[in-house]
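Hi,

Here is the structure I said I would pass along.

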Amino acid sequence: MSWEENVRKVTPYTAGEQPSGKVIKLNTNECPYAPSPAVSERMRCLAEMEAGTGAGMLRKYPDMNATALVKAVSEVYGIPEDRIFAGVGSDDVLSMAFMAFFNSDTPVIFPDITYSFYDVWSELHRIPYRTLPLDEDFRIVPEDYLCDNGGVILPNPNAPTGVFEDPSVIEKIIDFNRDRVVIIDEAYVDFGGKSVLPLIDRYDNLLVVQTFSKSRALAGLRIGLAFGQEKLIGYLKDVKFAFNSYTMNVPAIELGAAAVRDTKYFEETVRKIIRTRERTKKELRALCFSFADSEANFVFAAHERKPAEEIFKELRARSIYVRWWNKPRISNHLRITIGTDEEMDTLFKALKEIVS
Ligand SMILES: *Cc1c(COP(=O)(O)O)cnc(C)c1O
């Protein structure tokens with residue numbers, strides 16, 4: 001017998017490439033703009049405090065409740081602090097939530113085309129799961145979610161399709177599943193969708209997860225949030241503190257708080273991205289691409305003649321990175337992140353050459 005027999009074997013999540021050098025990077029849905037200037041301002045201030053006086057914050061363990069960040073979020077969102085949980089990116093928050101809430105022998109349910117981390121966490125935490133097919137237009141079939149299950153997880157807008165469902169549709173699913181936890185992953189909700197956050201007042205089984213990685217331009221800092229009623233958040237904290245109390249580091253807590261308070265910069269950035277996205281839709285249509293309407297910071301498009309794999313490779317040869325998956329139902333689609341207007345113009349020019 002070998003030690004290998006007792007290894008927890010998992011297929012890891014495959015992230016988009018992070019190429020170095022001068023490339024146009026439209027493959028991992030990062031924000032093309034810098035984070036709020038309040039972040040670098042706070043960074044300078046923290047650096048000064050660290051410089052030799054002993055008054056710095058790095059010497060000590062961080063606050064395991066991330067209070068400075070949670071307080072800022074509470075004030076900006078108008079949600080009490082005990083309904084907020086902060087973690088190391090929403091991937092961390094979601095993985096904790098899977099561990100905390102999905103413990104039934106009945107399978108957890110989520111769409112067949114969705115964020116490709118959900119099945120990875122299910123395997124890792126040994127949670128049985130069942131996927132429910134999206135319809136032809138990449139929409140969820142809400143009735144499918146009104147069934148016996150061990151929990152529900154849905155991104156809204158969905159990834160990688162960008163399709164947004166109205167909160168009233170999501171509410172029916174939450175309402176039917178009152179005796180299980182329903183997690184709504186709102187990684188892209190700031191780009192024109194509508195959050196189900198107001199519903200946490202009415203449903204104690206609803207956990208809403210958001211991230212600072214996309215709309216707040218802080219993917220490198222790793223900040224994710226979960227919102228829910230006190231009891232739900234309490235259980236999530238128990239799991240987190242049983243696993244590793246000090247996951248969020250001091251700079252993330254401090255800089256995240258500075259970022260969330262700058263609502264003006266946030267709104268401007270999001271507006272710019274939405275404007276570029278709508279222009280991108282027009283340009284792509286003119287180039288004979290089709291796509292479900294996106295409310296996210298990306299478009300998931302297929303060309304009417306040229307296979308996605310070929311376009312993907314030809315773009316890559318020109319140092320333009322988009323995302324392509326060799327997976328059933330989506331292998332002829334490209335997920336294109338919305339970059340700056342300049343980056344998108346370079347993309348359109350390249351696509352024009354490639355598809356003509
Ligand atoms: C990007 C993304 C996340 C994770 O983002 P973090 O950087 O870990 O906060 C979670 N869910 C979906 C659907 C995403 O696209």
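Below is what turned up, going from charged pairs to cysteines and then to aromatic rings. One thing to keep in mind throughout: this is a predicted model.

Salt bridges

Let's begin with the charged side chains. Side chains of opposite charge can pair when their charged atoms come close. In this model the count of salt bridges comes to 27. Here are a few of them.

Take Arg329 and Asp112, which form a salt bridge with their closest N and O atoms 2.8 Å apart. This pair ties together distant parts of the chain, since the two residues are 217 residues apart. Arg329 sits in the loop between β11 (320-321) and β12 (334-337), while Asp112 belongs to the loop between β3 (108-111) and α4 (118-124).

Next, a local one. Lys313 and Glu309 meet through their side chains in a salt bridge, at 2.9 Å from N to O. Both of them lie in helix α9 (residues 308-317), four residues apart, which is about one turn of the helix. Lys313 comes out as partly exposed, at a relative accessible area of 48%. Glu309 is partly exposed as well, with 33% relative accessibility.

Then there is Glu353 with Arg318, a salt bridge whose closest N and O atoms are 2.4 Å apart. Here again distant parts of the chain are linked: Glu353 is in helix α10 (residues 341-355) and Arg318 is in the loop between α9 and β11, 35 residues apart. On accessibility, Glu353 is partly exposed at 46% relative accessible area, and Arg318 counts as partly exposed at 37%.

Some of the bridges also share partners: Arg277, Glu278, Lys281, Asp293 and Glu295 are joined into one network that way.

Cysteines

If you were wondering about disulfides, the count comes to zero. Two cysteines to look at in the viewer are Cys147 and Cys288. Cys147 is buried, because its relative accessible area of 18% is under the 20% cut-off. Cys288, with a relative accessible area of 27%, is partly exposed.

Aromatic rings

How many aromatic pairs does the structure hold? There are 18 aromatic pairs. One of them is Tyr118 with Trp121, a tilted pair with 6.3 Å from centre to centre and 35° between the planes. Those two residues both lie in helix α4, three residues apart, or about one turn of the helix. Tyr118 and Trp121 are both buried.

Charges over rings

The ring of Tyr33 has the charged end of Lys272 sitting over it, 3.9 Å from the ring centre. In the other case, the charged end of Arg216 is placed over the ring of Phe212, at 5.2 Å from the centre of that ring.

Cheers

Definitions and conventions:
Residues are numbered from 1 along each chain as its sequence is written. This is a predicted model: local features need pLDDT of at least 70, side-chain atom pairs count only at pLDDT 80 or more; totals for chains, interfaces and linings use all residues. Side-chain values use heavy atoms; hydrogens and water are left out. A salt bridge is a side-chain nitrogen of Lys or Arg within 4 Å of a carboxyl oxygen of Asp or Glu. Buried means under 20% relative accessible area, exposed over 50%, partly exposed in between (1.4 Å probe, protein chains only). A disulfide is a pair of cysteine sulfur atoms within 2.5 Å. Rings of Phe, Tyr and Trp (its six-membered ring) pair if their centres lie within 6.5 Å; planes under 30 degrees apart count as stacked, over 60 as edge-to-face and the rest as tilted. A charge sits over a ring if NZ of Lys or CZ of Arg is within 6 Å of the ring centre and within 35 degrees of the ring normal.
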